[in-house]
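The following text walks through a few places in the structure shown below. Please keep the sequence at hand while reading.

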Amino acid sequence: MKISPWREPWLWAVTVFSLLLAVPVLLIFTSVFIPQKDLWQHLFATVLNDYVYHSLLIAFSVGGLTLLLGTSLAWLVARYEFAGRGTLQWLILLPMAMPAYILAYTYTGMLDVAGPLQTHLRATFNWTYHDYWFPDVRSVGGAILMLSLVLYPYVYMLARTAFSEQSASFYEASRSMGVSGFGYFRKVAFPLARPAILTGTALAMMEAFADYGTVQYFGISTFTTGIFRTWNGLGNAIGAAQLAAVLTSFVLVLLLIEKNSRRRLRYFHQGQKQNSAKRLTLTPGAAVWAVIACLLPVSLGFIIPCAQLLIWAAERAATQIDKSFIDLIWNSFYLAASAALIAVGLALLFAYAKRLRSHWLLNSQVQIASLGYAIPGTVIAIGAMLMLSAADDALNALSESLFDISVGLIFSGTLVALLLAYSVRFLAVALHNVEAGLQRIKPSMDDAARSMGLSSFAVLKTVHIPLLRASVLSALLLVFVDVLKELPATLILRPFNFNTLAVRTFELASEERLQDAAVPAIAIVLVGILPVILLTRALESGQNR
Amino acid sequence: MKRFLKLVGLVSCVSVSAFATAQEVNVYSARKEALIKPLLDKFSSDTGISVNLVTGKADALITRLKSEGKYSPADILITTDVGRLYRAKEQGLTQAIETDAFKGLIAQNYIDPDSNWVGFTLRARPFMVAPERVDVSQLSRMEDLADEQWRGRICIRSSSNIYNQSMVAAMIAQLGEEKTQAWLNDFVKNFARTPKGGDRDQIKAVVAGQCDIAIANTYYLAGMASDGDDATRETASKVKVVWPNQQDRGAHVNISGAAITKHAPNAAAAQKLVSFMLQEESQEWYAKTNHEYPLRADVEQSEVLTTFGDFKAEDVDLAKVGELNRQAVILMDKAGWK
């Protein structure tokens, strides 16, 4: 029996929530219809070229580098057995807790012309600046490196799960046909894991497109810095929104490509758990190289910068840590935790709706609602602000006419605004994970369970929840870490007397007080590590099941 | 639904009780928390008026103010640059401040002609040079920086930075657009590197030998000169401040300041806060803690600033500087200043 889609509760629920999430983005897009001829002529003649070139260069290089790093590390860890593998496989994830802009501050502090290393070199060899060559951290190459170092875990995580789930039978079959070693990786393992790997790469590329902190600090003209320049410098908010719309359309293309490639995912997962291929033991010589390969990105993306931050923080901790600092940690923590719960709750709703009642309207709504990941936090913040202010206006007008009192800014002046902005921005992260998890559960399993007389709730409880646990957990923790690091939206929308670690770090660092900024920066990393460790544990126990 | 109504009830009670106490003032500040909070705390303890604070970038705060409209809780907008005060006024977000209390104490130029904003402190943007590599006699004016002898020797931060935008806007106001553009085109050719980093970074680059001349605000150098870290103090001691245009229009200056918002629910308290910021004590605090120049002539500048020497400041209409900000960015883009 076919029911009219408009009588579907799923469709209604998705419509309401996806509209709520889409309005801030759509508000920005409406700007496209207000012509700004002079502005575009000016941009075209002067800076637009740089914006396009740098944004694409950074996003695609970061994509390539994270793909390479994430996939090879995942392959190493999933396929081979060597001393220290157990520890290394979660150490590799740690850079995820490090915001790219903090990495940028730290490396600049260490390696810049005026930094200790170069100063020391000049003093030791009696050089002047022009006597020697030294790579410039604050360059496009530097930005690509910084972003890749903190974003490769996205690829690694998804790729590792995909590799370790690959059935042993593939390997055995390949071997019997004479395909082994790199040939097996190239012809069998990689193509099978490709959808997961591309999802991770797309997430990393979107982060790179939306990055503001790093490129701004390095003085690189990209779309995100251009948006600020157009908005602040030229005082043209509409033009800034139009630039944001162009950026978003870049990412839309990226998303479509990724979606297209992921469509094949359903052919690969067989639902029931099969025996994973046994890991091959490396020779001692090769094992040393494997350990070095795993340690290198972790050292560059986490251990070295953390050590530097700790050195700075040790000098300043006494002046920075007080009661208000504890508030800062608490604020950051509960904000990130609430945002993670909301985003994952919405992701579950959307993903289930798509699964149970696939309908083009519903599917495209979900697609639109997850666009936010590509959009710089600032732009989302402004969209959310416009939307919630309108809601507040309406509410106040109502309460004034009814009770003759104004209730104030219930939405736009409170944490509601921040939570909305985070949901818009990070829904995609949660959705990617939850959908990937749900896709692993074949609908035939539901049917089988139902045919055995289980209610749909019982199916959820006995079949879905255990199978989804790892995906939901990784979704929760990824959003948690992302919100913890989020800067621009937090800066714009936070209520009175409410501060977070990211904001404190930014304020001190932008005053060029890197040493003072190290204390809150360390705290972000520490609060962010906990979930990364939990995540690894959860993923491991999920595998051992 | 019942729950929701309860929530609304609760929230409105909270807001109503907030209105009932009334002894508070809400501040949107583009000054970072560390640079304003101690003074606001002092204000609270002096007057019993509690201060609620949000800090952020000036333009974001202005946008927020605008979108909140008449229900905005904000009473005061504090910014670090006159350009943004002008922009807030231009968008109709401010109201006139009662200036009787301090009109004679600070120069007329630091108060908006319609009293919609008022300055708190003054910041100056001179040259900071490596004395052993720069012949200071060749460098008495901003105009000199366009000279070919400085090719590849100047460090300055990005054109996205408001201090640079205001500096160029002030130049347009005084020299006209054409001359400023011509100057910019040559000036940009003299950069030692693509603009990056903050003001301190430019000073450090001079000391490291990457360039010979930096343009930076004095309080950055003063902050470095009084830092707890020995190496930082040593770096600061290696540059010399050169005041440009002393024979003609004066060195470029800008103000930090504040405006009272149009729909300020606590306008009276906001007025008190503005007056408080111009009290002798507050001006002294700024002078000592932030090393900015006090706007009141009767308050002394910090000792470190004194070592940079006296200077003649440009006498440009600050409201005009705000107005020309956009034009400045356009010219900088055209000159290829990244």
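**An annotated pair of tyrosines and a cavity**

B:Y219 lies in helix α8 of chain B, residues 218-225; helices are DSSP runs of H or I with at least four residues, numbered from the N terminus. This is a predicted model, in which local features need pLDDT of at least 70 and side-chain atom pairs count only at pLDDT 80 or more, while totals for chains, interfaces and linings use all residues. Residues are numbered from 1 along each chain as its sequence is written, chains are lettered from A and ligands numbered from 1 in the order in which they are written, and side-chain values use heavy atoms, with hydrogens and water left out.

B:Y220 is also placed in helix α8 of chain B. An unreviewed UniProt entry annotates B:Y219 and B:Y220 as "binding site"; UniProt positions are given here in the numbering of this model, feature names are shortened, and annotations may be inferred rather than shown by experiment.

Is B:Y219 buried or exposed? B:Y219 is buried, because its relative accessible area is 9%, and buried means under 20% (1.4 Å probe, protein chains only). Contact means heavy atoms within 4.5 Å. Leaving aside neighbours within four places in sequence, B:Y219 is in contact with B:R123, B:Y163, B:N290, B:H291 and B:E292. With B:Y163 there is a polar contact between the two side chains, at 2.9 Å; such a contact is a pair of N or O atoms within 3.5 Å, one able to donate a hydrogen and the other to accept it, and residues adjacent in sequence count only if both atoms are side-chain atoms.

B:Y220 has a relative accessible area of 4% and is therefore buried. Among its contacts beyond four places in sequence are A:E512 of chain A, and B:Y163 and B:I203 of chain B. B:I203 sits in helix α7 of chain B, residues 199-208, and is buried, with a relative accessible area of 0%. Besides B:Y220, the residues that B:I203 touches include B:L221 and B:M224, not counting residues up to four places away in sequence.

Elsewhere, a search of the whole structure finds eight cavities of 30 Å³ or more. A cavity is a set of points on a 1 Å grid, over the protein atoms alone, where a 1.4 Å probe fits but cannot get out; lining residues have an atom within 4 Å of a point. The largest cavity has a volume of about 390 Å³, the space filled by probe spheres set on the points, which are joined across faces, edges and corners. Of its 28 lining residues, A:Y101, A:D211, A:K485, A:L487 and A:P488 lie nearest the centre.

Note on methods:
Helix = DSSP H or I, 4+ residues; strand = E, 2+ residues; numbered from the N terminus. Buried < 20%, exposed > 50% of the residue type's maximum accessible area, 1.4 Å probe, protein only. 1 Å grid on protein atoms, 1.4 Å probe; cavity = no way out; pocket = protein on both sides within 12 Å on 5 of 7 lines; lining within 4 Å.
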